[in-house]
2 protein chains.
Amino acid sequence: MYGTLEMAERVSNKQVILNNYVSGFPKESDMSMASNTIELKVPKDDSNAVLLKNLYLSCDPYMRPRMKKLEGSYVESFKPGSPICGLGVGKVLDSGHEGFKKGDLVWGMTGWEEYSLVTAPESLFKIQHTDVPLSYYTGILGMPGMTAYAGFYEVCSPKVGEYVFVSAASGAVGQLVGQFAKLMGCYVVGSAGSKDKVDFLKNKFGFDDAFNYKEEEDLNAALKRYFPEGIDIYFENVGGKMLDAVLLNMRLRGRIAVCGMISQYNLDKPEGVCNLMNLIPQRIRMEAFLVSDYYHLYPKYLEMIIPYIKEEKVVYVEDTAEGLENAPAALVGLFSGRNFGKQVVAVARE
Amino acid sequence: MYGTLEMAERVSNKQVILNNYVSGFPKESDMSMASNTIELKVPKDDSNAVLLKNLYLSCDPYMRPRMKKLEGSYVESFKPGSPICGLGVGKVLDSGHEGFKKGDLVWGMTGWEEYSLVTAPESLFKIQHTDVPLSYYTGILGMPGMTAYAGFYEVCSPKVGEYVFVSAASGAVGQLVGQFAKLMGCYVVGSAGSKDKVDFLKNKFGFDDAFNYKEEEDLNAALKRYFPEGIDIYFENVGGKMLDAVLLNMRLRGRIAVCGMISQYNLDKPEGVCNLMNLIPQRIRMEAFLVSDYYHLYPKYLEMIIPYIKEEKVVYVEDTAEGLENAPAALVGLFSGRNFGKQVVAVARE
């Protein structure tokens, strides 16, 4: 460093490290806090990179598969010994890329650390609307929001008056799917894992009804109770036993949008689903999707959702963990349903 | 009857009776032969009915669920103590319906007996082309043909050069799907349950390759061998373990047309399918269909298929049981794969 005229500030950089590949339910001890130092400048030989100060980090179910050794998957495994990465909101401190300048706010893939050097910033979204909470870009205005939007409007082919069931309905995606369905004029029931969440679904998010799946011995009977006419659209977030019960309750030409199967992510061997035969008499379409195929609709989505947020036609609940130190517990909590709404980690407020 | 000027002929009418609801694999002893008598005239008070002499009866997998007590299904249970019913080809002996006259050849739902009074003949199709074997109207020119046509062209959205896998590939539907896929320029592999069937798939039906699933200990490994690039389209006829293995081998944006799941029809509890999570990264569409939704395409299908048959661009193999007495064994044989090609029962040659 001697001899450079301009001395960049070198600061300590706390990180969340994945210790090893994880099997079963992830534990806080699968991760550890570490610290290195980082120069708050883009290296001169990396003309395209962007240096971010991370403000908010997102805890998302898809991160669980990345904690194990994956081969030929659409996502890469996290690297044991290195920081976890995920979606987040950050502020540009220095930029080698013409598309970004110091002070820009962005969201996209970053590291679980205080500062990140993003070497392929093309994948970052520049934040244009700052009159909404910035943390929303990890949720309703980010990937989970786009997931709900694309999954519901593009994959489910919803029609006014249809019967819609959403599992994991108080999560980042589920709460939005339910509200989109209500705005369209559907009848919507959600399932969640606690009484408080169920109350929220009914009283805050405006679901027509909701139930606590943990208190139902017979999910088939529960669904028959909430959907005596059957289900037109199932927004699938959990998989396993719930999917099996839903298959017994689908209506003619129903649609199942497969967004995720969080109940299966920590199992060494996934549960068997026995009722797929029921797809046939009801002519069900079961379609899986990834949000990454739909980002061309993001501007259109923002046009719809920002007024909804401002007019409070759509409400949005976050569960915020304060400080990077609390990030491992926040991520782990996602898989036992400890979070109440979208799980965010606030690393820095600005 | 005394006093009528015109005395109708009254003849004996052999029938195949379902003794009782069936559980597990159906056995010949689940059915019995009986005989009553029937007047070969439409009753005067049933102005719409048609009296058929049954020529060919069709053995189809969907008949198995009808042998048990069904509730809320798209098909009705057979009635214990009554003749089985199914699709067949018949000749009109008398008609009270203006759409049909004596001598017409028809195909559609009829009884497993020598003569049937069809009280709702609107569902019968009049046979226009008689320069092909009449029995074909139980198969390539009837419901199985339309199933293959609708399932492949309408549900699978096939493209030139795609990799297509067909299970139960030597059956009535499978043999046609494979040939349609070849005509479209796809790469096609089929599975079947004997060496002879596999040879037929390769040498007679023109599949690119084929294998005997009974000789494969690891279906996933078998599929990886036959589809090193993965599968774009799976035409699903069997369900269970085969579906589970296919889910591990689907390509990006693959499609699974769910036509049937014959391996599951005789089980009290269907097998669990564990690999549905794989739908997500590959964005698979799994769509079930019933041929009954596609009969509006039947004239278009005949326009395509009849020249193919005459020019021998499509070949078609039937397994014919002679005489109604052999119908129970023929139907039962379907579920152990004893048939070689489409299983037909020849009740009378004219």
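**Figure 1. Strand 13 of chain A meets strand 13 of chain B.** In this predicted model, E287(A) stands opposite R285(B), which belongs to strand 13 of chain B. The two copies of strand 13, residues 285-288 in chain A, run antiparallel and are joined by 3 bridges. Strands count as paired here if DSSP finds at least two bridges between them. Helices (H or I, at least four residues) and strands (E, at least two) are DSSP runs, numbered from the N terminus. A word on conventions: residues are numbered from 1 along each chain as its sequence is written, and chains are lettered from A and ligands numbered from 1 in the order in which they are written. Because the model is predicted, local features need pLDDT of at least 70 and side-chain atom pairs count only at pLDDT 80 or more, while totals for chains, interfaces and linings use all residues; side-chain values use heavy atoms, with hydrogens and water left out.

Figure 2. Let us step back to the whole interface. Chain B and chain A each bring 30 residues to the contact, where contact means heavy atoms within 4.5 Å. About 2,600 Å² is buried between the two chains, and carbon and sulfur atoms give 70% of that area. Buried area is the accessible area (1.4 Å probe) that two parts lose on being put together, summed over both. Which three residues supply more of the area that chain B buries against chain A than any other three? They are M277(B), I280(B) and R283(B), with 24%.

Figure 3. In a salt bridge between R283(A) and D293(B), the closest N and O atoms are 2.8 Å apart. On the side of chain B that touches chain A, the elements giving two or more residues are strand 12 (250-258), helix 7 (279-282) and strand 13 (285-288). Strand 13 of chain B gives the largest share, 4 residues. This side of chain B divides into 19 nonpolar, 4 polar and 7 charged residues. Here Ala, Val, Leu, Ile, Met, Phe, Trp, Tyr, Cys and Pro count as nonpolar, Asp, Glu, Lys and Arg as charged, and the others, Gly among them, as polar.

Figure 4. D60(A) and K342(A) form a salt bridge whose closest N and O atoms are 2.8 Å apart. D60(A) sits in the loop between strand 3 (50-58) and helix 1 (63-66) of chain A, and K342(A) in strand 15 (residues 342-346), so the pair ties together parts that are 282 residues apart in sequence. Both D60(A) and K342(A) are buried; the classes of relative accessible area are buried (under 20%), exposed (over 50%) and partly exposed (in between), using a 1.4 Å probe and protein chains only. T138(A) is found in the loop between strand 7 (125-126) and helix 2 (143-155) of chain A. Is T138(A) buried or exposed? At 3% relative accessibility, T138(A) counts as buried. Leaving out residues up to four places away in sequence, T138(A) touches residues including Y56(A), P144(A), E318(A) and K342(A).

**Figure 5. Two salt bridges within chain B.** R225(B) and E216(B) meet through their side chains in a salt bridge (2.7 Å, N to O). R225(B) is partly exposed at 49% relative accessible area, whereas E216(B) is buried at 18%. E162(B) forms a salt bridge with K159(B), the closest N and O atoms being 3.7 Å apart. E162(B) is buried, with 8% relative accessibility, and K159(B) is partly exposed, with 48%.

**Figure 6. Helix 2 of chain B and the residue that follows.** Because 11 of the 13 residues of helix 2 (residues 143-155) of chain B are buried, this helix is largely enclosed by the rest of the structure. Among the buried residues are M143(B), Y149(B), F152(B) and V155(B). Just after this helix, S157(B) takes a positive phi of about 45 degrees.

Technical notes
A salt bridge is a side-chain nitrogen of Lys or Arg within 4 Å of a carboxyl oxygen of Asp or Glu.
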